[in-house]
Protein chains: 2
Amino acid sequence: MVVPRDWAFELLLFAQRNPKPCPVLAVLDAGEVSGPVLGDGDVRTDLPLYSLYREGEAAGTRTDVLDVWQDDFVTFALGCSFTFEAALQEAGIPVAHIDQGVNVPMYRTSLPCEPAGRLSGPLVVSMRPIPADRVADAVRITSRYPAVHGAPVHVGAPGELGIRDLSAPDYGDAVQIPAGHLPVFWACGVTPQAAVLESGVPVAIGHAPGHMLVTDVPNWRYQVP
Amino acid sequence: MVVPRDWAFELLLFAQRNPKPCPVLAVLDAGEVSGPVLGDGDVRTDLPLYSLYREGEAAGTRTDVLDVWQDDFVTFALGCSFTFEAALQEAGIPVAHIDQGVNVPMYRTSLPCEPAGRLSGPLVVSMRPIPADRVADAVRITSRYPAVHGAPVHVGAPGELGIRDLSAPDYGDAVQIPAGHLPVFWACGVTPQAAVLESGVPVAIGHAPGHMLVTDVPNWRYQVP
């Protein structure tokens, strides 16, 4: 997530107040395009797809942001729940969107995040259907990865999150939910993009949902021993 | 820790980059004197003793800061390792400074923190002597309290931290180290005050070392299940 320096304190504070959706792995200095987590990469070119926002409106997607880069842009690297999916699979827990060859489904919930200054917005969640007898294991395994969203925020009962139709996600793709599987919801790093939209930030850049920055940092580095 | 709004982003970023010494429990909005963690208290009066800093110099201690308060002051509530001492004692691990009726000894180390903008400074640690056969237990118990500094950063070998004389702490009081006990070092919340001193922040307020804000939040709220 990239915002102008004038908004950087509020975004960092928003992350501090909402650590489940916004686990901060690194913050670059204003204007920097590489650094911790990114290594010698370039944040302007290394993501597969970017979402641009202007004045609180979506302004399209693009495969690099070289032409809109500003010297006062501050880059935040946030953890992604894709990181713990290998651990789920190793424990024999199916990850539906991988098995079905689609993007993970994500939903804007009716739960407001804790605001920070001018920034406010709803919690966004990702959903994975988990067999009822593996829900406890999925909770325990993902709780060991707090830097990539950690344990679920909600198990079953999507209506309580304001989600009326699981087959119509706000971002990503719908997945089939097999019988005997519960929809399990994890806090999602698209949350600050929803806040940027709702709060009228003059200009901001995020990853297009599901089109993540892939780094050289191995998964185990984000596992609590 | 209280700094002017102009320094708040850098302090929050310093905390993000140095989470062991600077675990942020809450950040109040500029000018606010109560809020999360503080409840209906008043940060200007509720600490037993304050340290004032001006232009990177210590400017004395005081029992309230009503007369120096500014509308642009941003308050950071940081976790304190005193919180996990009850858990150590419940497990039968002696806490020397409590048993000896003195303040915990704290040391400026030779290890630099990760800088953030204009803010830089050394890691400060607190020290508790732990019986050799309980060091592993002390590590495990305190690791469950990451929000109040968590597991130790260093066990034994004080010279490696640049500490030449354990009997001459930089803050707090010296403690007797019984035979068969190892000096065990935890990251300390005085660290951002050392940074404020070193970085020439125009005005800042901290707790006087060892004179903590005592809240109504129970210890278990900061324990990882």
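Begin by selecting Arg17(B) and Asp29(A): the two form a salt bridge, their closest N and O atoms lying 3.3 Å apart. A salt bridge here is a side-chain nitrogen of Lys or Arg within 4 Å of a carboxyl oxygen of Asp or Glu. The interface of chain A and chain B holds 2 salt bridges by this rule.

The model is predicted: local features need pLDDT of at least 70, side-chain atom pairs count only at pLDDT 80 or more, and totals for chains, interfaces and linings use all residues. Residues are numbered from 1 along each chain as its sequence is written, chains are lettered from A in the order in which they are written, and side-chain values use heavy atoms, without hydrogens and water.

Next, display the whole contact (heavy atoms within 4.5 Å), to which chain A and chain B bring 15 residues each. The two chains bury about 1200 Å² between them, 58% of it on carbon and sulfur atoms; this is the accessible area (1.4 Å probe) lost on being put together, summed over both parts. Now select Phe9(A), Leu12(A) and Gln16(A), which supply 46% of the area that chain A buries against chain B, more than any other three residues.

Finally, turn to the symmetry. A rotation of 180° with 0.0 Å of shift along its axis superposes chain A on chain B (RMSD 0.0 Å), by least squares on the C-alpha atoms of residues with pLDDT of at least 70 in both. The copies are therefore related as by a two-fold rotation axis. Centre the view on Phe9(A), whose C-alpha, at 2.4 Å, comes closest to that axis among the residues of chain A.
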